Structure formats: C-alpha cells, structure tokens
Amino acid sequence: MSARTVKVASASGLHARPAALFSQAASEQPAAVTIETADAGPVKASSILMLLTLDVAFDDEVTLRAEGEGAEESLDALAALLETNLDEEFQGS
C-alpha cells in the first residue's frame with residue numbers, strides 16, 4: 001500500500017466545494033484511495049459525506065493511502081489537488 005502525507009491548501013479546508021472536487025477526482029482514480037487525519041479516519045476519499053466527517057481545515061495534514069494498480073499515480077493526482085487552493089479555483093470561474 002502506498003501512502004502520502006500532504007497539507008491542505010484550501011482556505012476552507014475540505015469543506016463544501018473543495019470536498020466535492022476532491023471526492024469527484026478520487027472517484028475517477030484507478031486505485032482505491034483512503035484519506036485520514038491524525039485524529040480520524042481512514043475513510044473512502046471518493047465519499048464526500050465521509051470527507052466532511054474528518055473536519056479537515058486549512059493547513060491540516062492528511063494522509064492518503066492507495067492500493068491497487070495505479071496507486072502512485074492516484075496519490076500524485078490527489079496530493080496535487082490538496083496542495084492547491086481550491087477555493088481560489090471557484091472564485092476564478
């Protein structure tokens with residue numbers, strides 16, 4: 001199982017729209033991915049409801065774990081998404 005720890009760059013953490021974007025991206029990955037914090041999880045990264053239960057805020061560290069074919073690629077894509085301020089992405093559109 002591959003793992004990656006990243007800091008969340010979105011100003012609102014993984015709430016509302018950033019969580020929706022992240023869960024959608026996770027559901028499109030070839031590998032099964034979970035996400036966890038030091039205090040909660042792991043939960044399926046593709047489940048927006050489970051993501052919201054983690055209560056992830058700006059600059060919190062989360063750990064992504066992926067298993068199966070394409071695990072490293074899945075982690076690369078999702079880590080890059082978390083390291084982007086997704087709140088700004090929505091303001092620009």
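This is a predicted model: local features need pLDDT of at least 70, side-chain atom pairs count only at pLDDT 80 or more; totals for chains, interfaces and linings use all residues.
**A walk from the sheet to the helices**

Strands E2 and E4 run antiparallel to each other and are joined over five bridges. In general, the strands of a sheet pair through backbone hydrogen bonds, and they can do so in a parallel or an antiparallel way. Here the pairing is antiparallel, and four strands line up as an open sheet in the order E1-E4-E2-E3. At the edges you'll find E1 and strand E3 (43-44), each with a single partner strand, so one side of each has no neighbour in the sheet. Helix H3 packs on this sheet, where it touches E1, E2 and E4. Its direction makes about 5 degrees with that of E1.

Now let's follow H3 itself. This helix has 12 residues and reaches 16 Å from its first C-alpha to its last, close to the 16 Å expected at 1.5 Å a residue. Which residues of H3 are buried? They are Ala71, Ser74, Leu75, Leu78, Ala79 and Leu82. These residues cover an arc of only 120 degrees around the axis, which puts them on the same side of H3. The spacing makes sense: an α-helix has 3.6 residues a turn, so residues three or four places apart point the same way. As for what lies over the buried residues of H3, the cover includes strand E1 (2-7), helix H1 (16-27), strand E2 (32-36) and strand E4 (61-67).

Zoom in on one of those residues, Ser74, which sits in helix H3 (residues 71-82). Ser74 counts as buried because its relative accessible area is 0%, and buried means under 20%. What does Ser74 contact beyond its neighbours within four places in sequence? The answer is Gln29, Pro30, Ala31 and Val33. With Gln29, the link is a polar contact of 3.4 Å between the two side chains. With Ala31, a polar atom of the Ser74 side chain lies 3.4 Å from the backbone nitrogen.

For a last stop, head to Ile48 in helix H2 (residues 48-53). Ile48 is partly exposed, with a relative accessible area of 31%. Setting aside residues up to four places away in sequence, Ile48 touches Ala16, Ala19, Ala20 and Ser23. Thr37 is 11 residues from Ile48 in sequence, and their C-alpha atoms are 15 Å apart in space.

Key: Residues are numbered from 1 along each chain as its sequence is written. Side-chain values use heavy atoms; hydrogens and water are left out. Helices (H or I, at least four residues) and strands (E, at least two) are DSSP runs, numbered from the N terminus. Buried means under 20% relative accessible area, exposed over 50%, partly exposed in between (1.4 Å probe, protein chains only). A polar contact is a pair of N or O atoms within 3.5 Å; within protein, one must be able to donate a hydrogen and the other to accept it, and residues adjacent in sequence count only if both atoms are side-chain atoms. Contact means heavy atoms within 4.5 Å. The expected span of a helix is 1.5 Å times one less than its number of residues. The arc is that of the directions from the helix axis to the C-beta atoms. Two strands pair if DSSP finds at least two bridges between them. Axes are lines fitted to C-alpha atoms, for helices over the stretch in contact, and angles run from 0 to 180 degrees between N-to-C directions.
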